[in-house]
Structure formats: C-alpha cells, structure tokens
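Hi everyone, thanks for coming.

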Amino acid sequence: MKSIFKPVAVTLALAIGATAASADDLVIRWGTEAGYKPFAFKTADGELTGFDIEIGNAICEELNATCTWSEHEFDALIAALNANKFDALLASMTDTDKRRRAIDFTGKYYQIPATFVGRADAGLDDGEGLAGKTVGVQRSTIMEDYLRSERKDVDVKTYPTQDEIWLDLVSGRLDAAMGVKLQIVEGFLNTDQGEGFALFGEDYTDPKYFGYGSAIGTRKSDPELRDAISGAILALRENGKYAEINAKYFDFDIYGE
C-alpha cells in the first residue's frame, strides 16, 4: 500500500525544499505538546511517547518520510506552525470552524467527546449546580471556547497544560475541570492522583464548539502535505497499523464513527 503515496511524497520533498527528488528525502517536522497523557507525554528518561507520537511516526513510515519532533505549549502551536517552525501540528487538536480560519486540517485520526470532572462527593452537575464554580481548562482549547461562550455563570481558569489542572483540582483550587473524556479517565481518574474524583454531566459533541474530531494541522499553503497525511491515516486504518497502535493505549476504537 505504501507505493500509492510515493508520487505524493516526491512532490512534497520538492515542495518543502529537499535536495533531491526522492521520497527518502521527505522530512515531516511534527509540532506537539507533550503534557497530554496518554496521547503525548514523556517517559522517565525524557523520550516522547504516546498515541499521537506513534501515529505520527507511523504516518512518516507510510510516506517513506523522516520524522522530527518539536515541543510547544498548546496555545502557541498554530502560530508556530504558521511561522514555519514545523510542518504539521499533531497534538490532539480538534478540527473546528474557528481554527480552520487560520490553518488547514487533515481528515480526523480520532474523535471522542468532552465532559466534566470533579470530586465524587461534591454533588456537582453540569446545569445550575455548576453556576459560580471555578472550572479549569487548558488554554486555547475547545473547552475554553465553549465555557466562555455558553457558561458565563462559571469562573473559567486557564492553564498551559493539563497536568497543572490536575494539581489545582486535587489541591481544591478548582471545583471542576472540563476536558476530553478519555484523557480525563486515562490521564487522571485511572491514576493515584484521581482517587475520589469522578466524571459528571453529559458528553459534549456539538460541532459548533467541539468540532469534527482530532486532526492534524497544516499550513494553508501546504495542501499536498495535508492530503498526503490524510491518505496515510486512511492507509493505517486499512492495513491494521492504526488498530495495533490503538490497542496499546485503549480497549476500544477511538477513531469514532
């Protein structure tokens, strides 16, 4: 299956300034944010790993390309992409209409809802019971957009990383947090830190705020790269590599419908 992408890879190698017209010359510089377990995080020895990282490496393998990775804070990723600090943004970023004004997106590589988390004994709900509460979200996320637009009765506190949210939630400086459901479960509730906390409220999926799934961002000037990555994602779904990576982190298919 890899051969169907080779002509695109050659075109891309030339487009991004490779020195020879060979697919082997294609380098994709990924930009990510490494504080989002289990999607992107660092091992004890400082190595980048996680679902996003493995998907990115598999895409490069599918396109016969070389991968490099650079880390940025989540709220700086779009600006860094457009400043040519990397070629593609792979950081569990949701494809939304708002973000499409600034960058292009590939087809999705997974899709899961957002929800709330708080102390299990606090009796919280996502209706009037949340009014006046302090809710933590990662800065420049779809959750921040939703709360600031639709929940003006809530005190929104933003953070550079998800890990900082968990610290303030555990310490009591936050009443609740909103995030991607699976990341809350795997990155917080299923850890010692999350003992005594629980999800509450509905699953949030309205495309107006919660978009069309997590996708890979590219510059609007790079449609060939966008389309090649989209094709590689579909190829990984078809050849079983996506399922293999998925099974290392999750017990269900997070690609969604």
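Let me start with a question: is Phe 250 buried or exposed? Phe 250 is buried, with a relative accessible area of 5%; buried here means under 20% relative accessible area, exposed over 50%, and partly exposed in between, with a 1.4 Å probe and protein chains only.

Before going on, a word on the model: it is predicted, so local features need pLDDT of at least 70 and side-chain atom pairs count only at pLDDT 80 or more, while totals for chains, interfaces and linings use all residues. Residues are numbered from 1 along each chain as its sequence is written, and side-chain values use heavy atoms, with hydrogens and water left out.

Back to the rings. Phe, Tyr and Trp rings (the six-membered one for Trp) pair if their centres lie within 6.5 Å; planes under 30 degrees apart are stacked, over 60 edge-to-face, and the rest tilted. By this rule there are 22 aromatic pairs. Take Phe 51 and Tyr 249: the centres are 6.4 Å apart and the planes at 85 degrees, so this pair is edge-to-face. Phe 51 sits in helix H2 (residues 51-62) and Tyr 249 in helix H10 (residues 241-249), 198 residues apart. Helices (H or I, at least four residues) and strands (E, at least two) are DSSP runs, numbered from the N terminus. Phe 51 also forms an edge-to-face pair with Phe 250, at 5.4 Å centre to centre and 65 degrees between the planes. Phe 51 itself is buried, at 0% relative accessibility. Ring pairs link these residues into a cluster whose members include Tyr 36, Phe 39 and Tyr 255.

Now, the sheet. Five strands form an open sheet with mixed pairing, in the order S9-S8-S10-S7-S11; two strands pair if DSSP finds at least two bridges between them. Strands S9 (155-159) and S11 (197-204) are at the edges with a single partner strand each, so one side of each has no neighbour in the sheet. S7 (residues 114-119) and S11 run antiparallel, joined by five bridges, and Phe 116 stands opposite Phe 200 in S11.

Strand S8 holds Gln 138, which is buried at 3% relative accessible area. A polar atom of the Gln 138 side chain lies 3.0 Å from the backbone oxygen of Pro 160.

And finally, how many disulfides does a search of the whole structure find? The search finds one, between Cys 60 and Cys 67, with sulfur atoms 2.0 Å apart; the cut-off is a pair of cysteine sulfur atoms within 2.5 Å. The S-S torsion is about 110 degrees, so this disulfide is right-handed. Thanks, everyone!

Methods:
Polar contact = N/O pair within 3.5 Å; in protein donor to acceptor, adjacent residues only side chain to side chain.
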